[in-house]
Amino acid sequence: MDALLLVLRWSHILGAVLLVGGLAFLRFAFVPALEETDEETRNRLHESVRRRWLPFVIIGITLLLVSGLANFLLFNSAVKEQGWANGQWMRQTSYHAIFGVKFLLALAVFYLSSGLVGRSGGTAWLRRDRARWLGVTLGFAVAIIMLSGWLRNLHTGPAASATADPGVAMEVMTPDQAAAEDRYEDSQAGSAFRGDDSAGPATDSETSPASTPAEPVDAEPANAAEQAE
Ligand code: HEM
């Protein structure tokens, strides 16, 4: 399982780097450089780059979609099976709401970035004002990266402290403070996601009494076990 998660993570990050890096290069280097050329040269170079870049956009989108969906489904089933926060974790952290916004933005990025390197008449309006639409697409992509980091922080990371309110009251610690609490030693962050039975929320939720949604007793997924020990 660990190996599969690692491959999915590599694929997702590679897809994001490819797609977003390409957009940034086109917006801030290629398109401005072409402004200095005459119209005929500009059209020729646009066509030439478009043709060469298209397969990479398709590869990037495929990597992101396949790895993202697999990751999402695996994570959801792990959280459910292990009963994080007595089955309340997704609701308490608003994970699905944040993911929903990210997914919609990702669909917009896929549409815009393929339209910008496509040939269809239906997306010609995008290519008539490339600089603007590249900028909009990049803005969406930056928002997606921020939302993704947020999602990840909800269940991993050594900087999270044990709290009854996950994702809200996360304390940022200095490396020294964290080391003093053994947070980096044999880190258990994400252990529940990895299905490591020796740590994580499954142990907590199995042993603690049933809590009401208003009173999450074992809400911190990855690091609460460390605190309890
Ligand atoms: C432009 C499109 C996208 C970008 C730039 C993007 C970027 C990222 C980044 C940077 C991460 C954090 C990776 C890590 O730290 O390992 C991430 C995580 C993730 N992404 Fe995406 N992503 C995109 C599209 C998608 C799509 C389409 C899906 C689902 C269908 C998806 C599902 C996920 C999931 C489930 C995670 C893990 C979140 C967590 O840690 O809880 N992503 N994404």
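1. H2 gives the largest share of the shell around the ligand, seven residues. Helices here are DSSP runs of H or I with at least four residues, and strands are runs of E with at least two, numbered from the N terminus.

2. The model is predicted: local features need pLDDT of at least 70 and side-chain atom pairs pLDDT 80 or more, while totals for chains, interfaces and linings use all residues. Residue numbers start from 1 along each chain as its sequence is written.

3. At least two shell residues each come from H1 (2-34), H2 (39-81), H4 (95-116) and H6 (130-153). The shell has 22 residues, and Ala 16, Gly 68, Phe 72, Ser 148 and Arg 152 come nearest. A residue is near if its C-beta atom, placed from the backbone, lies within 6 Å of the molecule.

4. By class, the shell has 16 nonpolar, four polar and two charged residues. Ala, Val, Leu, Ile, Met, Phe, Trp, Tyr, Cys and Pro count as nonpolar, Asp, Glu, Lys and Arg as charged, and the others, Gly among them, as polar.

5. The chain has 10 helices and zero strands.

6. The H2 and H4 axes (lines fitted to C-alpha atoms over the stretch in contact, with angles from 0 to 180 degrees between N-to-C directions) come within 11 Å and cross at roughly 165°. The two helices are therefore roughly antiparallel (over 145 degrees).

7. Val 57, Ile 61, Leu 64 and Phe 72 of H2 meet Phe 99, Ala 106, Phe 110, Ser 113 and Ser 114 of H4 (contact: C-beta atoms, placed from the backbone, within 7 Å). This contact has seven nonpolar, two polar and no charged residues.

Key:
Parallel < 35°, antiparallel > 145°, perpendicular 65-115°, else oblique. Contact = placed C-beta atoms within 7 Å.
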